[in-house]
Amino acid sequence: MFRLVPAPSCRRFASKTLANPSAFARDLTRHNIHRATLSTRSQTNHSQASSARRLPLPLTPRRLQSQFQPLRPPTIAELGKPAKAKTYRRSRKWLRRLIRTALVVGAVLAADQYFYDACLSRTFRTFANGLFVAVDYKINFRPDPWIGDSVEDLHRRSATRLFELLRNNGGLYLKIGQAIAMQSAILPPEFQKMFARMFDDATQNSWKEVEQVIKEDFGKTPEEVFGISFDGDPSKGVMERTARASASVAQVHWARLADGREVAIKIQKREIARQVEWDLWAFKVVTKIYTWYFDLPLYSLVPYISDRLMLETDFQNEARNGEKMRNLIQNEPRLKNRVYIPETYPSMSSKRVMTAEWIEGIRLWDKEGINNTWRGGYGKGSPGAGGVQLDAPPAHVVANISRKQPDDEKLKPERDAWRGPAKKGGLGLPLKPVMQTMVDLFSAQMFLWGLVHCDPHPGNIFIRRLPSGKPELVLIDHGLYISMDPKFRLEYALFWRSLMTFDNKTIAKVTQEWGINAPDIFASATLMRPYEGGDGKTLAEIRAMSKKEQKVRQFEMQQKMRAGVRDILSNQDKFPQELIFIGRNLRIVQGNNQFLGSPVNRVKITGTWASRALAENREASLSQRWKEYGKHLLFRTVLISTDFVFYWAKIRQWLGVGKGMDDDIEESMRKMAEGMGVELQHGVFDG
C-alpha cells in the first residue's frame, strides 16, 4: 500500500541536515506521524498491521543523539554568575528635574494669573514674539528672501504675529498698537491692512470687580459715592450694573443721580493698574533692542509715546483736558453754540473713576440718523441738546431694580420718539454744516489754542439737533491730547499757509528747523494730497526706482524709506514729536469728511484757520499783526481758486463721475504713490 523510506536514506537525509538538528527533528516527527496516520486508515488485517508496526524506525546517528535533551530548567551553574541590575540613574535624575520644573512653572503661572493679572506671561509673550520678528527680518529682508517669495511675505508674517500678540495681551497693548500705527505713511501696506482691524473693544468686567475699584479709590461703596440705591428707593438715584460700553482700559456705566442729572461713569478695569508698568517696560525694552538691532533711532520716540499712553490711564488728566476744552470753546464765539463738551464732576471722580455728563445723540457713523427727516416736532431739539435735562426712567422700572440681574440690567429710557412710529426718522440735518463744524473745531485746536484732541474717530463724536434746527457737535473721550509749544504752533500755521500758496522757500526753512530733509514728501503727507511744489529731488529719486524689477524695486523703496526715517528721527533735538499725533488727527478728520461724501472743502477751511491764527497772534507787535492781517486778506483771496476745484469735484459727484474733493485728492495721492512703487492704505484707524 505504501513505501517506507529505507534506513540508509534517512541517514543521508540526516547527514545533509546536520547543520540544523532542530530542522531534522521536525522532519523526523512529521514522518512518524505520517506513518501512524496511514496505518489507521488501512483496511488490512491484524497481521499486516502488526508487521507494519514491527518495521524498524529510522536510526538516529550516534553523533546526533547528544543534540537532543529532554526539556528541563537550567541549573545554577549553567546560568552563570548573576549580573547587577541597571538603575538608569541619569534618566531618573532628569525625570525628577523635569517634574520639578513643571511644578515650578505651573505654580509661577498660577500665581501670575491670580495675583499679578498675567503680567509675567504677557511680558514673556512680548519678548518671544519680538525675538521671532527681529530674527525673521534680519534673515529675510533682502530682494530674494530665504523664506517666502518676497519682502511682502515677510511683512505679512510679521504683521500677523504682532497683531495676534497685541490682541491676545489686550489692555494697554491695544493702545500701544494704535500709537505705532498712527503714521500709516511709514508702515508697509501689510501692517496697515492688518492693524486696521485692531478695534479697542473688550469684554466687560463683573460688577464685583467694578465695586472693588470704587471702594479702593474712594473708600466708600458705589451707593455712598453716587447717592444711588439698588433696592428701588425713590429718593435716591439709580445705576446700571451692566456696562453700556467696554474697551481695553475701561468700561462705562449709566446712572441717574438723585438730583436728576444723568451721568456716564467711566471705570478703569482693575487689572490695568498693575499691568501698565509692566507693559510700558516691555515696550521700552523691545524698542531699545530694535533700535540697536536695526540701526533705527526708534527709541527716541518711546518716552513721548509712553507719557501719552500713561496719561490715558489717568482719568483725572482726562477730566482736566475736557474742562480746558470746554472753557476754550465757551470763550470762542465762532464755536460756542456749535460745539458741546460734556461737564465732568470732580467730586465723583478719581484717577480710575471719572463721572461726566451723559450724552444722548447720534454717532457720526450713522449717516442716515443724521440726514433722515426730523419727526420730533417743530421748534424742538433732540434729547439733551444744549444741555437740557433728560427725562427720568419710569417709576415701575426703578421699583423693580432689586429683582433685575446685575449682568443684564437696562434702566435707561430709549428716548427715540423723535424718530417717529416706524423708527426711520433722523435729525433732519444737512451734512455740510456738520462737517464744517468738525473741521473748524480741530483746526482751532491746532492753530489757535495748541491743545489737540488726537482721537477724533466717529465713535467719539455725537451729533444732536438744537431747537433752532442747527447741528450741535459733542466731543467725548479727552484722554489723548497733546499740547503744542507756542513757537511750534505758529511755525505749523506758517507751514500750512505756505503750502497753500506754494511758498517753497518758507516751507524749506520751516522743515529744516524741524530736521526734515524731504520737504516735498512731508508736504504731501500733511496735505494728504500730492504736493507739486519744491525741488522734487526726493520724488525724482523714488520715481527712478519704479523702472526696476518689482522685487528689487520694493526692496530698494523700503530701504529708501528706512533711510528717510533714520534721517528724520536721528535729530530729535529738532524734530517736533507732536507731529506724530497731529498727523493722526488730520487723517481721521479727512476720513470723516470722505465718509460723509466730502461735503466741505477741508483743505481750504484748515488753511484759513492757519492764516487766521498768524493774524490773531497776541504776542506779536502791533505792526507785525497788521502785516499778518494783510497777508491773511490776500490769502483769503488766493483761496478762492480752491473753490473752483471743490465745486468742479461736486459737479462730477452729482453726475456720478466722482465721489467728492477729498476722494479725488486721495485717488491722485494713491496714483502718485503707485508710480513710486508704494501702496497707500489710509483706512487705518479711521474709527
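Analyst: Happy to! A definition to start: two strands pair if DSSP finds at least two bridges between them. Keep in mind that this is a predicted model.

User: How many bridges join strand 7 to strand 9?

Analyst: Strand 7 covers 362-363, and strand 9 covers residues 461-465. The two run antiparallel, and R363 stands opposite F462 in strand 9. Pairing takes at least two bridges, and the number joining strand 7 to strand 9 is 2.

User: Which strands are the edge strands of the open sheet?

Analyst: The sheet has 4 strands with mixed pairing, in the order 5-10-9-7. An edge strand here pairs on one side only.

User: At about what angle does helix 17 run to strand 10?

Analyst: Helix 17 spans residues 431-449 and lies across strand 5, strand 9 and strand 10. Strand 10 is made of residues 471-475. The angle between helix 17 and strand 10 is about 40°.

User: Why is the pair of Y137 and F141 classed as tilted?

Analyst: The structure holds 14 aromatic pairs. In this one, the ring centres of Y137 and F141 are 6.3 Å apart, inside the 6.5 Å limit for a pair. Planes under 30 degrees apart would be stacked and over 60 edge-to-face. The planes of Y137 and F141 are at 45°, so the pair is tilted.

User: Are Y137 and F141 buried or exposed?

Analyst: Buried means under 20% relative accessible area, and in the protein chain 48% of the 687 residues count as such. Y137 and F141 are both buried.

Definitions and conventions: Residues numbered from 1 in each chain as written. Predicted model: local features only at pLDDT ≥ 70, side-chain atom pairs only at ≥ 80, totals over all residues. Heavy atoms only, no water. Contact = heavy atoms within 4.5 Å. Axes fitted to C-alpha atoms, helices over the stretch in contact; angles between N-to-C directions. Buried < 20%, exposed > 50% of the residue type's maximum accessible area, 1.4 Å probe, protein only. Phe/Tyr/Trp six-rings, centres within 6.5 Å; stacked < 30°, edge-to-face > 60°.
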